[in-house]
Amino acid sequence: MRNERIGDYLVNQGLITDEQLKQVLAAQKESNGTKKFGDVVVELGFMSEVNFAKALAGNLRVQYVDLDNIEINTEAVQKVPEALARKHTLIAINVQGKRLTVATNDPVNFIALEDIKVSTGMDTMPVLATTSAINKAIGKNYSMQNVDSVVGELAAMNNDLGTMEDEESKDRVESAPIVKLATTIIENSYRADATDIHIEPFKTYTRIRIRVNGDLVELMNISSAVHSALTTRLKLISGMNIAEKRIPQDGRFTQVVDGTTLDVRVSSLPMVSGEKIVIRILSTGQIALRKITDLGMSDYNYQLFESMLRVPQGVILVTGPTGSGKTTTLYAALGEIAKPNVNVVTVEDPVEKNIDGINQCQVNQKAGMTFAAALRSILRQDPDVVMVGEMRDSETADIGIRAAITGHLVLSTLHTNDAASTVVRLVDMGVAPYMVATSLIGVIAQRLVKVLCAECKTPRMSTPEENELMGVNQSIQIYEPCGCPACNNTGYKGRTAIHEIIHCSANVRSIIAANGSKEEIESAAKANGTKLLRDNVSELVQAGMTSITELIRTTYTV
């Protein structure tokens, strides 16, 4: 192996500059040796984790492997105990005779390789992978083994579970198998990029489904005898009353998965065969806030949005159905606006992400801390920018609009189908049309559409009906989902947002003030250059990013 230091190697390869190398070494020195060189390079944003790993592999002359896209040998994984794999951040990926291939983030850590050799009695061959990919692979491969063993242990306990009293069940539920099962369900769901987990009781079994990319996918079925113990465990850790099974309850807890702290919301609802539990997984502030450039907006919409955020006072509304990414857009806008010389106050229910430097206030209905009450108090707190989680009632809408007229910038969300109907909805809520006209800066309507997997999407020519939907004159090449291991055979990988932005120009204002209809507002906005949701998703279909099925699912109207 070459003795050239990794920093010099990166500079010689033109991957970082001399100036950047100095910054990395200075930051590493500040950490007193607690951070590795690679961690600092990635943290400062000079290189991505994958690019650094590839460069390190080139420098050390070892093979780089992408753990997300290779088949890991289960027999090899089982050779190395989980505790040892986690201790040294490595995972065995293949076995041939007496040779074990081990993916590690530090191929020159001979102590770790010697530990594996002693534990397995086999020769080890190191290959290089990123730390996050190794942690994910450890969680995925060992936890799937855990599920089988946990379900087996639970089956043995089944006879006892049915006869327990509440206090006794509290003690028994703390026992290892149930704790492991609850933890494993959340870990596996997070690794599958799920947003929600549904634990649904039926007469003879309990079905567990997870929502990935907006669709529910079955994770596993477990015995109905285990259901009561599992719900008790989840209610216990989320601070609910385990003795009360007749009314809906809400709670929350945090769990660390692969080094990321998750904020987990739990909701229970009594059903015929027991309590249904729905768990929402939210990543906490540890995951960086998105910038407004990362929201997937087209260049035209991005410029409109940016110009709206420069207006010093008024109301900006983000609308769309539940789970369409409204909060992400609002937080990105706040990140853009929040400067040391600006006082930003938010009122949310609940606070979904803690943002440094922003005053966030949580709604508490029981204590009388409603959106309206909080908003009234906030206006006495000398704010420059106010963010209201949701305009749920006429009182909140009225105070928000008045705050905008008195010189504040107000950001909020509303549940409507498109941008033009938002204005009509505000008037319906009792806000005078002239006040809406004078205070509204603009409205952003958005939806999330699934992105086609780049590995397996298949091309075809569009039909006349599809041309009509996309608003094009002739058949063009579009893509269909297919399904491969990279996208878990779904055909899609991730989601992006589509937007429709109405900027309140002079002619739009006059229509609002005259109590104009949704259609009048929409046609005036289109004359100003507003691109509707259908136009936006149509562009994505033509660019091969999404499918015609997604266009119909998100924007179809009768």
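Q: Is Asp193 buried or exposed in this predicted model?
A: Asp193 lies in the loop between helix H10 (176–191) and strand E4 (194–201). Its relative accessibility is 55%, and the cut-off for exposed is over 50%. Asp193 therefore counts as exposed.

Q: Which value is phi of Asp193 near?
A: Most residues other than glycine have a negative phi. Asp193 is a residue other than glycine with a positive phi. The angle is near 60 degrees.

Q: Does Asn213 count as buried or exposed?
A: Asn213 is found in the loop between strand E5 (205–212) and strand E6 (215–223). Phi of Asn213 is positive, near 55 degrees. The relative accessibility of Asn213 is 18%, and the limit for buried is under 20%. Asn213 therefore counts as buried.

Q: How many aromatic pairs are there?
A: Rings pair if their centres lie within 6.5 Å. One of the pairs is Phe37 with Phe52, whose ring centres are 6.3 Å apart. Phe202 and Tyr205 also pair, with ring centres 5.4 Å apart. The count comes to two.

Q: What kind of pair do the rings of Phe37 and Phe52 make?
A: Planes under 30 degrees apart count as stacked and over 60 as edge-to-face, with the rest tilted. The planes of Phe37 and Phe52 are at 40 degrees, so the pair is tilted.

Q: Which helices hold Phe37 and Phe52?
A: The two residues are 15 residues apart, and their pair links distant parts of the chain. Phe37 is buried at 11% relative accessibility, and Phe52 is buried with a relative accessible area of 11%. Phe37 is in helix H3 (residues 37–43) and Phe52 in helix H4 (residues 49–60).

Q: Are Phe202 and Tyr205 buried or partly exposed?
A: The planes of their rings are at 35 degrees, so this pair is tilted. Phe202 has a relative accessible area of 32%, and Tyr205 has a relative accessibility of 33%.

Q: Over which ring does the charged end of Lys457 sit?
A: For a charge to sit over a ring, NZ of Lys must be within 6 Å of the ring centre. The charged end of Lys457 is 4.7 Å from the centre of the ring in question. That ring belongs to Tyr479.

Q: How far is the charged end of Lys531 from the centre of the ring of Tyr300?
A: The charged end of Lys531 sits over the ring of Tyr300. The distance to the ring centre is 5.4 Å.

Q: Which helix gives the most to the lining of the second largest pocket?
A: About 700 Å³ of space lies in this pocket. Of its 31 lining residues, the closest to its centre are Lys36, Phe37, Gly38, Asp39 and Phe52. Helix H1 (6–12), helix H2 (18–30), H3, H4 and helix H8 (131–161) each supply at least two lining residues. The most, six residues, come from H4.

Q: How many residues in the lining of the second largest pocket are charged?
A: The lining includes 13 nonpolar residues. The rest divide into nine polar and nine charged, so classed with Gly among the polar. The charged count is nine.

Q: Where do the buried residues of helix H20 lie around its axis?
A: The buried residues of H20 (residues 518–527) are Ile521, Glu522, Ala524 and Ala525. Seen down the axis, they fall within an arc of 165 degrees. On the other side, Glu519 and Ala527 are exposed.

Q: Which helix supplies the largest share of the lining of the largest cavity?
A: About 30 Å³ of space lies in this cavity. Its lining is Val423, Val424, Val427, Pro433, Ile512, Asn515, Gly516 and Ile521, of which six are nonpolar, two polar and none charged. Three of the lining residues come from helix H16 (residues 419–428).

Q: How far apart in space are Lys22 and Asn473?
A: Lys22 is in helix H2 and is exposed, with a relative accessible area of 56%. Lys22 and Asn473 are 451 residues apart in sequence. From C-alpha to C-alpha, the distance is 57 Å.

Definitions and conventions
Residues numbered from 1 in each chain as written. Predicted model: local features only at pLDDT ≥ 70, side-chain atom pairs only at ≥ 80, totals over all residues. Heavy atoms only, no water. Phe/Tyr/Trp six-rings, centres within 6.5 Å; stacked < 30°, edge-to-face > 60°. Helix = DSSP H or I, 4+ residues; strand = E, 2+ residues; numbered from the N terminus. Buried < 20%, exposed > 50% of the residue type's maximum accessible area, 1.4 Å probe, protein only. Lys NZ or Arg CZ within 6 Å of the ring centre and 35° of its normal. 1 Å grid on protein atoms, 1.4 Å probe; cavity = no way out; pocket = protein on both sides within 12 Å on 5 of 7 lines; lining within 4 Å. Points joined across faces, edges and corners; volume = space filled by probe spheres on them. Arc of directions from axis to C-beta.
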